[in-house]
Amino acid sequence: MVRIDNLKTKSDCHLSKVSADKIIKYSFDGETLAVGYGNGALRLFNATTGELLKDLRKTRYGGFQIMCLRFHPKEHHILLAGTSEGLIFLCNTQDGTVTEKITEKNNEINCLDFDCEGFNFATAGKDLNVRIYDTKTFQLDKTYGGYDSTQNPTEIASCAMRVFSLKYHPDKPNIFVTGGWENHLKEWSVLTGSWVGQSALQEWDWTSGKSKDIPFDFKGHNGAYLYCAQYCDNDVVMAGGSGTNSVQATKQSHRRVEGMSKESSSSESDKFRIKIGEVQMKSAVHALDTTMGGRLFAVGGKEDNLVLGRLC
(Lines give C-alpha, C1' and ligand atoms only; values in the text may rest on other atoms or scores of the structure.)
Protein backbone atom coordinates (compact mmCIF):
# COMPACT_ATOMS: atom_id res chain seq x y z
CA MET A 1 0.00 0.00 0.00
CA VAL A 2 1.36 3.41 -0.98
CA ARG A 3 0.10 6.60 0.61
CA ILE A 4 1.13 10.21 1.19
CA ASP A 5 1.87 11.37 4.72
CA ASN A 6 2.20 15.06 5.60
CA LEU A 7 5.12 15.68 7.93
CA LYS A 8 5.11 19.42 8.64
CA THR A 9 3.16 22.58 7.85
CA LYS A 10 3.51 26.35 8.23
CA SER A 11 4.23 26.85 11.93
CA ASP A 12 6.72 24.00 12.01
CA CYS A 13 8.69 25.43 9.09
CA HIS A 14 8.77 29.05 10.35
CA LEU A 15 7.45 30.48 7.07
CA SER A 16 4.76 32.89 8.24
CA LYS A 17 6.98 36.00 8.28
CA VAL A 18 8.47 35.74 4.80
CA SER A 19 7.21 36.15 1.25
CA ALA A 20 4.84 33.38 0.17
CA ASP A 21 6.26 32.98 -3.36
CA LYS A 22 8.95 30.33 -3.13
CA ILE A 23 11.20 27.89 -4.93
CA ILE A 24 12.42 24.72 -3.21
CA LYS A 25 15.28 22.24 -3.73
CA TYR A 26 16.55 19.25 -1.77
CA SER A 27 20.26 18.63 -1.26
CA PHE A 28 21.60 15.47 -2.89
CA ASP A 29 21.79 13.61 0.41
CA GLY A 30 18.15 14.47 1.13
CA GLU A 31 18.95 15.96 4.54
CA THR A 32 18.56 19.68 3.72
CA LEU A 33 15.85 21.66 1.95
CA ALA A 34 16.78 25.02 0.42
CA VAL A 35 13.98 27.57 -0.01
CA GLY A 36 14.11 30.82 -2.00
CA TYR A 37 11.48 33.54 -1.61
CA GLY A 38 9.84 36.34 -3.55
CA ASN A 39 11.69 38.99 -1.54
CA GLY A 40 15.16 37.56 -2.24
CA ALA A 41 15.52 35.63 1.01
CA LEU A 42 17.24 32.22 1.13
CA ARG A 43 16.81 29.69 3.94
CA LEU A 44 17.88 26.15 4.78
CA PHE A 45 15.60 23.70 6.62
CA ASN A 46 15.97 20.21 7.99
CA ALA A 47 14.24 18.09 5.33
CA THR A 48 12.36 15.84 7.76
CA THR A 49 11.68 17.98 10.84
CA GLY A 50 11.18 21.36 9.12
CA GLU A 51 13.56 22.99 11.61
CA LEU A 52 15.16 26.22 10.36
CA LEU A 53 18.88 25.52 10.02
CA LYS A 54 20.27 28.71 8.54
CA ASP A 55 19.26 32.09 7.09
CA LEU A 56 21.58 32.25 4.10
CA ARG A 57 20.18 35.56 2.87
CA LYS A 58 17.96 37.56 5.18
CA THR A 59 14.83 39.42 4.08
CA ARG A 60 16.33 42.77 5.12
CA TYR A 61 18.89 42.52 2.31
CA GLY A 62 16.05 43.10 -0.16
CA GLY A 63 16.22 42.22 -3.81
CA PHE A 64 14.02 40.47 -6.30
CA GLN A 65 12.48 37.01 -6.34
CA ILE A 66 14.58 33.86 -6.20
CA MET A 67 13.51 31.98 -9.34
CA CYS A 68 15.67 28.84 -9.29
CA LEU A 69 17.99 26.81 -7.05
CA ARG A 70 20.47 24.04 -7.84
CA PHE A 71 22.93 22.10 -5.70
CA HIS A 72 26.32 21.13 -7.16
CA PRO A 73 26.24 17.40 -8.11
CA LYS A 74 29.71 16.71 -6.64
CA GLU A 75 30.33 19.43 -4.03
CA HIS A 76 27.03 19.18 -2.19
CA HIS A 77 27.57 22.23 0.02
CA ILE A 78 27.55 24.50 -3.05
CA LEU A 79 24.18 25.98 -4.01
CA LEU A 80 23.43 28.36 -6.89
CA ALA A 81 20.45 30.73 -6.86
CA GLY A 82 19.12 32.70 -9.83
CA THR A 83 16.92 35.80 -9.49
CA SER A 84 14.35 37.74 -11.48
CA GLU A 85 16.81 40.65 -11.83
CA GLY A 86 19.43 38.50 -13.55
CA LEU A 87 21.71 37.77 -10.59
CA ILE A 88 23.37 34.48 -9.70
CA PHE A 89 24.32 33.93 -6.06
CA LEU A 90 26.92 31.38 -4.95
CA CYS A 91 25.88 29.96 -1.58
CA ASN A 92 28.04 27.86 0.74
CA THR A 93 25.70 25.90 3.00
CA GLN A 94 28.54 24.97 5.36
CA ASP A 95 29.78 28.43 6.33
CA GLY A 96 26.60 30.33 5.38
CA THR A 97 28.27 32.74 2.93
CA VAL A 98 26.39 34.12 -0.08
CA THR A 99 28.29 35.86 -2.88
CA GLU A 100 26.91 37.63 -5.93
CA LYS A 101 28.90 36.11 -8.81
CA ILE A 102 27.14 36.94 -12.09
CA THR A 103 24.84 39.64 -13.43
CA GLU A 104 22.95 38.99 -16.65
CA LYS A 105 21.79 42.47 -17.60
CA ASN A 106 18.17 42.86 -18.68
CA ASN A 107 17.47 39.20 -18.03
CA GLU A 108 15.24 37.29 -15.65
CA ILE A 109 16.88 33.96 -14.78
CA ASN A 110 14.01 31.49 -14.60
CA CYS A 111 16.04 28.27 -14.58
CA LEU A 112 19.55 26.89 -14.21
CA ASP A 113 21.19 23.49 -13.95
CA PHE A 114 24.61 21.86 -13.52
CA ASP A 115 25.89 19.25 -15.95
CA CYS A 116 26.32 15.76 -14.49
CA GLU A 117 30.00 16.31 -13.72
CA GLY A 118 29.56 19.78 -12.23
CA PHE A 119 32.16 21.39 -14.50
CA ASN A 120 29.59 23.71 -16.13
CA PHE A 121 26.18 25.13 -15.45
CA ALA A 122 23.61 26.72 -17.77
CA THR A 123 21.06 29.51 -17.29
CA ALA A 124 18.01 30.62 -19.28
CA GLY A 125 15.08 32.96 -18.92
CA LYS A 126 13.46 36.11 -20.23
CA ASP A 127 15.99 37.17 -22.90
CA LEU A 128 15.75 33.79 -24.75
CA ASN A 129 19.51 33.10 -24.53
CA VAL A 130 20.97 29.95 -22.98
CA ARG A 131 24.34 30.68 -21.36
CA ILE A 132 26.95 28.08 -20.38
CA TYR A 133 29.36 29.02 -17.56
CA ASP A 134 32.50 27.45 -16.15
CA THR A 135 31.66 26.44 -12.57
CA LYS A 136 35.13 27.09 -11.16
CA THR A 137 35.74 30.53 -12.72
CA PHE A 138 32.14 31.67 -13.36
CA GLN A 139 33.30 32.81 -16.79
CA LEU A 140 30.88 32.62 -19.72
CA ASP A 141 31.91 29.75 -22.04
CA LYS A 142 29.18 29.84 -24.66
CA THR A 143 25.87 31.52 -25.51
CA TYR A 144 23.10 29.91 -27.51
CA GLY A 145 21.33 32.97 -28.83
CA GLY A 146 17.55 33.26 -28.84
CA TYR A 147 15.31 33.92 -31.80
CA ASP A 148 15.37 37.33 -33.45
CA SER A 149 13.33 38.88 -36.28
CA THR A 150 16.00 38.15 -38.91
CA GLN A 151 15.45 34.38 -38.62
CA ASN A 152 13.03 32.37 -40.71
CA PRO A 153 10.18 31.53 -38.30
CA THR A 154 9.76 28.10 -39.95
CA GLU A 155 13.37 27.18 -39.18
CA ILE A 156 13.67 28.22 -35.55
CA ALA A 157 16.18 26.06 -33.66
CA SER A 158 16.73 28.49 -30.80
CA CYS A 159 14.36 29.58 -28.05
CA ALA A 160 11.69 31.94 -29.38
CA MET A 161 9.82 32.75 -26.14
CA ARG A 162 10.66 32.92 -22.43
CA VAL A 163 12.41 29.83 -21.10
CA PHE A 164 11.10 28.39 -17.82
CA SER A 165 12.83 25.03 -17.60
CA LEU A 166 16.34 23.75 -18.33
CA LYS A 167 17.71 20.31 -17.52
CA TYR A 168 20.99 18.58 -18.32
CA HIS A 169 21.06 14.91 -19.33
CA PRO A 170 21.80 12.80 -16.21
CA ASP A 171 24.77 11.05 -17.88
CA LYS A 172 25.86 13.18 -20.86
CA PRO A 173 27.39 16.55 -19.88
CA ASN A 174 27.05 18.02 -23.39
CA ILE A 175 23.28 17.57 -23.74
CA PHE A 176 20.52 19.62 -22.14
CA VAL A 177 16.84 20.33 -22.78
CA THR A 178 14.91 23.60 -22.47
CA GLY A 179 11.21 24.41 -22.49
CA GLY A 180 9.04 27.51 -22.26
CA TRP A 181 6.04 29.38 -23.60
CA GLU A 182 6.48 28.32 -27.24
CA ASN A 183 5.07 24.78 -26.85
CA HIS A 184 8.34 23.20 -27.97
CA LEU A 185 11.07 21.17 -26.29
CA LYS A 186 14.51 22.04 -27.55
CA GLU A 187 16.14 18.66 -27.70
CA TRP A 188 15.05 13.91 -25.08
CA SER A 189 12.43 10.25 -21.95
CA VAL A 190 11.44 13.79 -20.58
CA LEU A 191 8.56 14.63 -18.25
CA THR A 192 6.70 17.91 -18.80
CA GLY A 193 3.98 19.68 -16.85
CA SER A 194 2.23 22.46 -18.79
CA TRP A 195 -0.19 25.21 -17.84
CA VAL A 196 -2.99 23.87 -20.03
CA GLY A 197 -6.30 22.26 -19.16
CA GLN A 198 -6.00 19.00 -21.11
CA SER A 199 -2.93 16.77 -21.67
CA ALA A 200 -0.99 18.84 -19.14
CA LEU A 201 1.23 16.01 -17.90
CA GLN A 202 3.23 14.27 -20.63
CA GLU A 203 6.24 12.01 -21.09
CA TRP A 204 8.39 12.52 -24.18
CA ASP A 205 10.57 9.85 -25.79
CA TRP A 206 14.19 10.91 -26.20
CA THR A 207 14.78 9.34 -29.62
CA SER A 208 11.44 9.62 -31.44
CA GLY A 209 10.24 12.95 -30.07
CA LYS A 210 6.77 11.42 -29.51
CA SER A 211 4.77 12.09 -26.37
CA LYS A 212 2.17 10.25 -24.32
CA ASP A 213 -0.24 11.66 -21.78
CA ILE A 214 0.09 10.78 -18.09
CA PRO A 215 -3.29 10.96 -16.32
CA PHE A 216 -3.85 13.86 -13.91
CA ASP A 217 -7.21 13.84 -12.14
CA PHE A 218 -8.95 17.24 -12.34
CA LYS A 219 -12.51 16.00 -11.93
CA GLY A 220 -14.71 18.86 -10.73
CA HIS A 221 -12.28 21.49 -12.04
CA ASN A 222 -11.77 23.23 -15.38
CA GLY A 223 -8.43 21.58 -16.10
CA ALA A 224 -5.05 20.54 -14.71
CA TYR A 225 -2.98 23.73 -15.36
CA LEU A 226 0.32 22.42 -13.99
CA TYR A 227 3.30 24.49 -12.83
CA CYS A 228 5.58 21.64 -11.76
CA ALA A 229 6.17 17.95 -12.40
CA GLN A 230 8.86 15.49 -11.38
CA TYR A 231 9.80 11.82 -11.49
CA CYS A 232 10.13 10.22 -8.06
CA ASP A 233 11.43 6.97 -9.53
CA ASN A 234 10.84 4.94 -12.70
CA ASP A 235 7.20 4.28 -11.80
CA VAL A 236 6.01 7.25 -9.71
CA VAL A 237 5.36 10.80 -10.95
CA MET A 238 4.31 13.85 -8.90
CA ALA A 239 2.78 17.01 -10.38
CA GLY A 240 0.85 20.07 -9.21
CA GLY A 241 -0.49 23.44 -10.28
CA SER A 242 -3.44 25.81 -10.17
CA GLY A 243 -6.18 23.67 -11.73
CA THR A 244 -6.80 21.62 -8.58
CA ASN A 245 -4.55 23.55 -6.15
CA SER A 246 -2.97 20.23 -5.27
CA VAL A 247 -0.07 17.86 -5.87
CA GLN A 248 -0.89 14.37 -7.05
CA ALA A 249 1.26 11.25 -7.16
CA THR A 250 0.56 8.54 -9.75
CA LYS A 251 2.14 5.10 -10.01
CA GLN A 252 2.61 2.92 -13.08
CA SER A 253 1.39 -0.65 -12.83
CA HIS A 254 1.57 -3.61 -15.18
CA ARG A 255 -1.67 -5.08 -13.87
CA ARG A 256 -5.00 -3.35 -14.27
CA VAL A 257 -7.25 -3.12 -11.23
CA GLU A 258 -10.41 -1.17 -10.50
CA GLY A 259 -9.74 2.58 -10.37
CA MET A 260 -6.81 2.55 -12.76
CA SER A 261 -6.80 4.51 -16.02
CA LYS A 262 -5.21 3.11 -19.14
CA GLU A 263 -2.25 4.99 -20.57
CA SER A 264 -2.50 6.43 -24.05
CA SER A 265 0.53 4.63 -25.53
CA SER A 266 -0.59 1.58 -27.52
CA SER A 267 2.97 0.18 -27.47
CA GLU A 268 2.70 -0.17 -23.71
CA SER A 269 -0.89 -1.33 -23.53
CA ASP A 270 -0.12 -3.56 -20.53
CA LYS A 271 0.76 -0.53 -18.38
CA PHE A 272 -1.71 1.56 -16.38
CA ARG A 273 -1.55 4.38 -13.85
CA ILE A 274 -3.32 4.86 -10.57
CA LYS A 275 -3.42 7.94 -8.35
CA ILE A 276 -1.75 6.91 -5.11
CA GLY A 277 -2.10 10.15 -3.17
CA GLU A 278 -2.78 13.87 -3.15
CA VAL A 279 -1.80 16.92 -1.08
CA GLN A 280 -4.52 19.57 -1.18
CA MET A 281 -3.44 23.20 -0.83
CA LYS A 282 -5.56 26.35 -0.44
CA SER A 283 -4.07 28.03 -3.52
CA ALA A 284 -1.93 27.21 -6.55
CA VAL A 285 1.09 24.92 -6.23
CA HIS A 286 4.16 26.63 -7.73
CA ALA A 287 7.04 24.56 -6.37
CA LEU A 288 7.71 20.85 -5.89
CA ASP A 289 10.78 18.77 -5.20
CA THR A 290 11.40 15.15 -4.21
CA THR A 291 14.34 13.14 -2.95
CA MET A 292 15.17 9.51 -2.20
CA GLY A 293 12.72 8.23 -4.81
CA GLY A 294 9.87 10.32 -3.41
CA ARG A 295 10.24 9.05 0.12
CA LEU A 296 10.52 12.75 0.99
CA PHE A 297 8.90 15.61 -0.90
CA ALA A 298 8.22 19.32 -0.42
CA VAL A 299 5.37 21.42 -1.82
CA GLY A 300 5.06 25.22 -1.87
CA GLY A 301 3.04 27.97 -3.52
CA LYS A 302 1.32 31.27 -2.92
CA GLU A 303 0.20 30.57 0.61
CA ASP A 304 2.51 31.04 3.58
CA ASN A 305 3.17 27.38 4.29
CA LEU A 306 5.53 24.70 3.07
CA VAL A 307 4.27 21.12 3.21
CA LEU A 308 6.82 18.37 3.83
CA GLY A 309 5.65 14.84 3.17
CA ARG A 310 6.63 11.33 2.24
CA LEU A 311 5.44 8.44 0.11
CA CYS A 312 5.14 5.34 2.22
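Buried means under 20% relative accessible area, exposed means over 50%, and partly exposed lies in between, using a 1.4 Å probe and protein chains only. Lysine 58 is partly exposed, with a relative accessible area of 29%.

What you're looking at is a predicted model, where local features need pLDDT of at least 70, side-chain atom pairs count only at pLDDT 80 or more, and totals for chains, interfaces and linings use all residues. Residues are numbered from 1 along each chain as its sequence is written, and side-chain values use heavy atoms, with hydrogens and water left out.

**Salt bridges**

A salt bridge here is a side-chain nitrogen of Lys or Arg within 4 Å of a carboxyl oxygen of Asp or Glu. The structure has 11 of them, including these:

| Pair | Closest N and O atoms |
|---|---|
| Aspartate 55 – lysine 58 | 3.8 Å |
| Glutamate 203 – lysine 212 | 3.4 Å |

Shared partners link Arg43, Asp55 and Lys58 into one salt-bridge network. Aspartate 55 is partly exposed at 28% relative accessible area, whereas glutamate 203 and lysine 212 are both buried.

Another salt bridge brings together the side chains of glutamate 108 and arginine 162 (3.7 Å, N to O). Glutamate 108 sits in the loop between β9 (98–103) and β10 (109–114) and arginine 162 in the loop between β13 (140–144) and β14 (163–168), so the pair ties together parts 54 residues apart in sequence. Strands are DSSP runs of E with at least two residues, numbered from the N terminus.

**A three-stranded sheet**

Strands β17, β18 and β19 form, in that order, an open antiparallel sheet; two strands pair if DSSP finds at least two bridges between them. The edge strands are β17 (190–193) and β19 (211–213).

Note on methods. Helices (H or I, at least four residues) and strands (E, at least two) are DSSP runs, numbered from the N terminus.
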